[in-house]
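Hi,

Here is the model I promised to pass on. My notes follow it.

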Amino acid sequence: MASVKSFSKAYTAFRISNNSDATVISLGITKNNVDDYRYHVVVNDSVEVVHWTKPQLEKLYGAKKLYGFIGKFNYPGKQVLVEVVNTKNYQIRDGVIFDWRRIVKPVTANLIIHGAIRSAGDTSRIIPDSIKEKNPPYEAKHDPITNEITEIKYTEGNVSAIQLILKDHPTIEYNVSIVNTDDNEYGFWGGTDENGFQSNFILRSLPTLPGTYKIIIRPRIGGNIDLTNQTLVIPVVILPRHLLNEKASLKQMLPYVVAALLIIGLLFWLYRRNTNIKLVSSAQAKQNTALKLRSIRAQLNPHFMFNALTSIQNLVNKKDMEGANHYLSRFADLTRKVLNTGDRDLISLEDEIKILDDYLQMEQLRFNFQYDIKIDNEINQANTEVPAMLLQPFVENAVKHGVANLREKGMVKVEISKTDNNLLLTINDNGSGFQKKTQETLNNSFGLKLSEERIQLLNEIYKDHPVKLSVQSDTTGTTVTITLSNWIS
């Protein structure tokens, strides 16, 4: 049973689930006022089967007085409205609705989408208007024949409520719910809507995540009635938000996008400018260091030649013409090799060893010492480059300050080896080591000072391949080790 409003008067409605009769009587109608009343009967809210008629008087069911008998009704599968009015005072009226219908599937009469407030005047919109938009924030599909709603689609965040207006079923209450694909319920509305009607529902507890959902509307009736075909299901698709698909969002974001691109462009320009400055500065520093290295090389060569000429002069003064001529021949060959590599910072290890061997042979004529050059067989001498004349000053120091006075007992050993990717250059002599007097002599050695300065400059240029110098000395001799780190790939 439910209440139905007719203008300002509410009529009682009854649902009859079988084919029972419905009898209508009015105890307020008596023989004194029966002439003032009329009744009519309307089927399915459209066809008047009984026009306004005067009621009969009956005295049944144990009644002691006459009362108005309206009639006995039975309309299986239909809805009947029986309305009684006082012809002299329309305010005196009453009615009743009987519903024998077995098909009570809800039918949508209208749908209103309440959009999220984004600007003034944009609080809600009826679907037919929004469909006309090129990219509507929400839309609904309709069956072209029945005009029934077949799908509701909108973008997340664009809808705050969905309002369903159903065709009036006065005797039926409905349950409305929203579920996801797993039938998990998000919102439920039972019985009448918030205004007391059975035909107007505003669904506010809507899902917030994108996905596919269903609005399910089913009649709330008892009895053994199969509701499978009596239920209305409306699919709801919530799309993820894509800002670039919304014109308003794109217009709002455009200034920020332009500003971001300008900032990125400015930062990139500053980065390139700073990088170029560093590259130019690094190139200038490297060039300056290279110039200093060549300057040291230029100083080493005259120093080497001066010492060689001094040795030749000593042989001439001793009237050792044969030794002087042989020494001079060696010196000429050595000078040619040094001059040929004078414009190169790096030369092959093979050329470096040849220069070193010629020098030791030449000095051997003067001091009569022994020497030995040993190279690791795994090292490719022709393809391995080293700084030009890197070893000569240290070998010269070993000869003059280490083994010169030992004569034939003196021994100078040069060993070239590798450890991992490092190239090790070792010069060893069996002299008396760095005694006080000898140390002062070494400190005043022009060639050794230039070599130490040269190693410092090499480390500035070859930062990824540092050059390390180690000197160990005692009374049994001196060992100089030069390590070229990460030099061999």
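Buried here means under 20% relative accessible area, with over 50% exposed and anything in between partly exposed (1.4 Å probe, protein chains only). By that cut-off, 40% of the 489 residues of the protein chain are buried.

This is a predicted model: local features need pLDDT of at least 70, side-chain atom pairs count only at pLDDT 80 or more, and totals for chains, interfaces and linings use all residues. Residues are numbered from 1 along each chain as its sequence is written, and side-chain values use heavy atoms, leaving out hydrogens and water.

The protein chain has 7 helices and 26 strands. These are DSSP runs numbered from the N terminus (helices: H or I, at least four residues; strands: E, at least two).

I looked at one helix pair. Helix 4 (residues 349-367) and helix 5 (residues 392-403) pack at about 20°, axes 11 Å apart. Axes are lines fitted to C-alpha atoms, for helices over the stretch in contact; angles run from 0 to 180 degrees between N-to-C directions. The two helices are therefore roughly parallel (under 35 degrees; over 145 is roughly antiparallel, 65 to 115 roughly perpendicular, the rest oblique).

Which residues of helix 4 meet helix 5? They are E352, L356, Y359, L360, E363, R366 and F367. Their partners in helix 5 are Q392, V395, E396, V399 and K400. Contact means heavy atoms within 4.5 Å.

Helix 5 is mostly covered, with 10 of its 12 residues buried. Among them are F394, V395 and V399.

Best wishes
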